[in-house]
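Please keep the sequence and the model at hand while reading.

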2 protein chains.
Amino acid sequence: MPVGTAGTVKGVHQMELIHDSKAQIILGNTYHLYLRPGIDLIQKAGGLHRFMNWNKPVLTDSGGYQVFSLADNCKLKEEGAYFNSHIDGSKHLFTPENTIDIQRTIGADFIMAFDECTPYPCEYKNAKKSMELTHRWLQRGIEQFKNTRPQYGYKQVFLPIVQGSVYRDLRRRSAEIITSYNMPANAIGGLSVGEPTDEMYAMLNEVTSILPSDKPRYLMGVGTPVNILDSVGMGIDMFDCVIPTRNGRNGMLFTRKGIINIKNQKWSDDLSALDTEGSSFVDNYYSKAYLRHLVVSNEMLGAQIASLHNLAFYMSLMSEIRTRIQDGTFYQWKHDMVNLLSQRL
Amino acid sequence: MPVGTAGTVKGVHQMELIHDSKAQIILGNTYHLYLRPGIDLIQKAGGLHRFMNWNKPVLTDSGGYQVFSLADNCKLKEEGAYFNSHIDGSKHLFTPENTIDIQRTIGADFIMAFDECTPYPCEYKNAKKSMELTHRWLQRGIEQFKNTRPQYGYKQVFLPIVQGSVYRDLRRRSAEIITSYNMPANAIGGLSVGEPTDEMYAMLNEVTSILPSDKPRYLMGVGTPVNILDSVGMGIDMFDCVIPTRNGRNGMLFTRKGIINIKNQKWSDDLSALDTEGSSFVDNYYSKAYLRHLVVSNEMLGAQIASLHNLAFYMSLMSEIRTRIQDGTFYQWKHDMVNLLSQRL
C-alpha cells in the first residue's frame, strides 16, 4: 500500500497511482486527516475516497503510532491518548472508541485498532504493560466497531494489531489473543521501529505461526524490497511503507538490478533510460543523468519521477511475488532476488 | 511559453505539458543550465530537447537577466559580465559571444541576444548608457551567431532585444536599431521589472509602432492574463512567464471567472470541481476544497495541480486569442475578458 498520509501520496497524481504504479489500495493516516483537513470536511465530501477522488480501497491506521511519535505533549491514560496537534497546538484525545468513529467517517475500507506502538528498545516490563493496554483497547475498539455502522453504503472491516515488542512470549500471547477475535484480517505492529532485522524476523516467525494463514496478515510500516520478500516468505500478505516515496524524494531508486543512489557522481553523465525493466512511463521516458540533475537541483519533478518509479517497482514486485507463489517457484526466486535487490549499483 | 528554468517546468511532467497544458514551446534559462547540469552534459545528450525528452521547440534566454539578478558579485565590463555562481561561488564570464555558443550547444530553437536588463527605477543617463552597451553587445552577438552553426541538424534563429527602460526616446531608438538587423523575430526586454503597468504599456506602444508587425514580437517575462490580453492588443505575439507555475505553487489559480486564492477560508469546504471550464484533467478531477487542503498542508500534489491548471489556462487563453484575432472579434472580447479575469473570486 502506497502511503497517502494526508489524502495524497506525495508527488503522485491519483491517476498515476492507478495507471502507472498499478496501486490497488492506499493507506491514509487518521492522525493527519483528523487534524487536517478535519473529519467534518471529509464527511461532507462523502468520505476520503470522494474527497481525493480515489475509487479503490483505502486502509487507515488508527493514529496510535503518530500521536506517540509526532504529536506534542502526548499523555497516555487508560482511557486513551491526550495530545496537542503538531500543527497548531490544539488539544485532542484519541480513544479506542473515537478512532473507530473517525475511521468510520473517513470511510476506510480497512479500519485499524487503536494501539500503543512500543519504541525500541523497550524493557520487558514496559512492553508487557503496553501490550496489555493495547489488548484492553482492542476489546473496547471491537465493541465500538460492532455498535456502529458504515456511513457510505459499503462494508468496512476491522483489523486488530499484534504488539509485544521483541519478546517472543509477549508476541505469542498477543497473537493468540488477536486470533481469538476471529477478524477477517490481522495486523502486526511495533516492528521496524529500530530493532535489528533478525529480531524483527524472529518475531514474525512467532506471530505467523499463530495468526491464521487463511486470513490476510498485514505487517505495518515495512519495508525495503528485501524486507518484503523475506516477510512474504514467513507468511505476510500486506504491507505499507513510506520507503518508495520518501527514499525516492531523496534520490534512492529500487530496481531489479539493485539500488541506485541517483545523487552519486557515477550517474552524472549516464544518459541511459532510468530503468529499462521498469513498468512506469517514467522509466523509459527519462534518463538517469536527467533525474540526477533534477534531484541534485532539488527540482519537484525529480521527486515526482523517483516516487512514481519506486511505487511502480514495489507494485510489480508484489505482483510477481503473487505469481511466484501460485506457480510454486517463490522460494528459489526470492533467494536470487534478495541478492540482486540488496546490491548497491 | 511555460518557463522550464533548469530543464524542467516545475512540478509538471513533460507529457503533461504536451497533453494536458498543450504547450507548444518552453523557455529554458541559459544561466541555470550552464551552471547545472552544465553544457558538456547537455552536449553529450545531443541538446536540451533530448536531455529532457522534449520534442517541441525551446527558446533560451541569454542569461543576462539572471547574472544581474541571481548571481553573486556581478561585475559589468565592456567585454561582458563577470559573476560568481549562486550555487558554488565559482567564477564565470558571460559575453555576447559565449552566450551564443552556449545556446548553440543547448540546441535552443530560439537564441536570445545577451543584454543588460535595467532595473526600475533607472536614471535616464544610466538607461541610455546601458542601452548603448546592449546595442554594442548585440552587434557582437550577431557576428558570433553568423560565424557559428547549429550542432544538431536543425535551424536556430537569433532574436535581438529592445531595451531603454521607461524612456520613450530610448525605446524608439532601440526599436529602430533592433529592426534594422532584420531578424526573423524581435524581443522586448527590461519591462515588468517593477514599473507601473501604464508605463509598461506606454513603452509597448512606442516599440510596437516600430518593430515590424509581420514578424513575431516577443515580450519577455510578462505576465498576468490581463497583461497578456492588453499586450496582444498592442501587437505582442509571444510571452514567457513564471506566473502560472510560481503563483500556482502559492495557491493562486487563474480561471475564466477570475482569480482564486485557494488558501482563502471561503474555499475550505467548496467541494465543487476546481474549474468546470478548465481544459486540463485536474480541473474536473479534483475539488477546490481538496486543492486547498493540499496547498495549506504544503503537499507537493497541490503545487502540481495548481501549476498544471494555470498552464492549461494560459495556453487556452492564447489559443482563444488567436481565434478571436482571426475572426475579428478580439477587441470586444478582450474588453470583457479583462474585466472578468481581473476579478478576485
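Helices (H or I, at least four residues) and strands (E, at least two) are DSSP runs here, numbered from the N terminus. By that numbering, A:P121 lies in the loop between β6 and α6 of chain A. A cis peptide bond joins A:Y120 to A:P121, with omega about 0°. The model is a predicted one, in which local features need pLDDT of at least 70, side-chain atom pairs count only at pLDDT 80 or more, and totals for chains, interfaces and linings use all residues. Residues are numbered from 1 along each chain as its sequence is written, chains are lettered from A and ligands numbered from 1 in the order in which they are written, and side-chain values use heavy atoms, with hydrogens and water left out.

The relation between the two chains comes next. The same surface serves both copies, since 100% of the contact residues of chain B recur in chain A; contact means heavy atoms within 4.5 Å.

The interface itself takes 39 residues from chain B and 39 residues from chain A. Buried area is the accessible area (1.4 Å probe) that two parts lose on being put together, summed over both. Between chain B and chain A it is about 3,600 Å², and carbon and sulfur atoms give 60% of this. B:H13, B:Y285 and B:M300 supply 19% of the area that chain B buries against chain A, more than any other three residues.

Which residues touch the most other members of the largest nonpolar core? A nonpolar core is a set of buried Ala, Val, Leu, Ile, Met, Phe, Trp, Tyr and Cys residues joined through side-chain atoms within 4.5 Å. Buried means under 20% relative accessible area, exposed over 50%, and partly exposed in between (1.4 Å probe, protein chains only). Among the 91 residues of the largest core, A:I305 and B:I305 are the ones that touch the most other members. Apart from neighbours within four places in sequence, B:I305 is in contact with A:H13 of the other chain, as well as B:L274, B:V282, B:Y286, B:Y290, B:L291 and B:L294.

Aromatic rings form a further theme. Rings of Phe, Tyr and Trp (its six-membered ring) pair if their centres lie within 6.5 Å; planes under 30 degrees apart count as stacked, over 60 as edge-to-face and the rest as tilted. Over all chains the structure holds 32 such pairs. The ring centres of A:F94 and A:F114 are 6.2 Å apart and their planes stand at 85°, so this pair is edge-to-face. A:F94 belongs to strand β5 (residues 91-94) and A:F114 to the loop between β6 (110-112) and α6 (124-146), 20 residues apart in chain A. Both A:F94 and A:F114 are buried. These two also belong to one aromatic cluster with A:Y31, A:Y34, A:F83 and A:W137.

Helix α5 (residues 96-106) of chain B has eight of its eleven residues buried, including B:P96, B:I100 and B:I106. B:G107 follows α5(B) with a positive phi near 85°.

The peptide bond from A:R36 to A:P37 is cis, with omega near 10°, and A:P37 is placed in helix α2 (residues 30-45) of chain A. A:N298, a residue other than glycine, has a positive phi near 60°. A:N298 is found in the loop between α12 (288-296) and α13 (300-326) of chain A and is exposed, with a relative accessible area of 70%. B:S192, likewise not a glycine, has a positive phi of about 55°. B:S192 sits in the loop between β9 (186-188) and α8 of chain B, and counts as partly exposed at 36% relative accessibility.
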